[in-house]
Amino acid sequence: AVPQIEGWEIATSWQPAAGVGGDCFDVIQFGPSRLALTIADVVGKGIPAALLMSNLQAAVRAFANDTVRPGELCQQVNRILCGNIAEGRFISFFYCVLDAELGTLTFSNAGHYPPILVRASGAVERLSAGGAVLGVLRDGAYEQAHAAVGAGDRLVLYTDGITEARNADDEEFGEQRLVALAVEH
């Protein structure tokens, strides 16, 4: 079950392309009006990617709490991963905290595809503030940013599994189509 906050709707969908892989999302409840949303993608496929993702999830769950800011969480998790990751591996990661009482989203993006924030007006913002992918630069710094969120706004977090999906003509779905669908629906 995905945690919910009264007055907000958190919906998820996940369809793996293979039996195991390195894409992951999570929702962590901090209280009746605060929760964290995460999404990540390990470079590579199969069991090695799934095992690395499992390590990421454990580290995030160990450090995430109501007082840790998104930029700090990315730094802490990155330090752990840098000491325990095979050469050539890395993880793109996005972490945000929704405060429903304040109507704010505080986030840090570690090299992940920037989530799409669609305003009730139809305007689109991309949430890219952060730093490098996890597991590469031991002393990497991660900035964070804030976005006001309110009634009718929609946040879409995704991995390349959706944007790189191909149709019968071998065309990628792409980010532009995803943004257009997020605005339309």
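Start by selecting helix H4, residues 174-184. Helix H4 lies across S5, S6 and S9, and runs at about 30° to S5. Helices (H or I, at least four residues) and strands (E, at least two) are DSSP runs, numbered from the N terminus. Axes are lines fitted to C-alpha atoms, for helices over the stretch in contact (heavy atoms within 4.5 Å). Angles run from 0 to 180 degrees between N-to-C directions.

A word on the model: it is predicted, local features need pLDDT of at least 70, side-chain atom pairs count only at pLDDT 80 or more, and totals for chains, interfaces and linings use all residues. Residues are numbered from 1 along each chain as its sequence is written, and side-chain values use heavy atoms, with hydrogens and water left out.

Next, select the three strands. They form an open antiparallel sheet in the order S6-S5-S9. Two strands pair if DSSP finds at least two bridges between them. S6 (124-126) and S9 (154-156) are the edges; each has a single partner strand, so one side of each lacks a neighbour in the sheet. Neighbouring strands are turned by 20° against each other on average, direction ignored.

Zoom in on S5, residues 116-118. S5 and S6 pair over three bridges. Ile116 has Arg126 in S6 as its bridge partner.

Now pick Leu127, in the loop between S6 and strand S7 (130-131). Is Leu127 buried or exposed? Leu127 is buried (under 20% relative accessible area, with exposed over 50% and partly exposed in between; 1.4 Å probe, protein chains only). Its value is 3%. Show its contacts beyond four places in sequence: among them are Phe94, Pro114, Leu117 and Leu155. Asn109 is another. The C-alpha atoms of Leu127 and Asn109 are separated by 7.3 Å, 18 residues apart along the chain.
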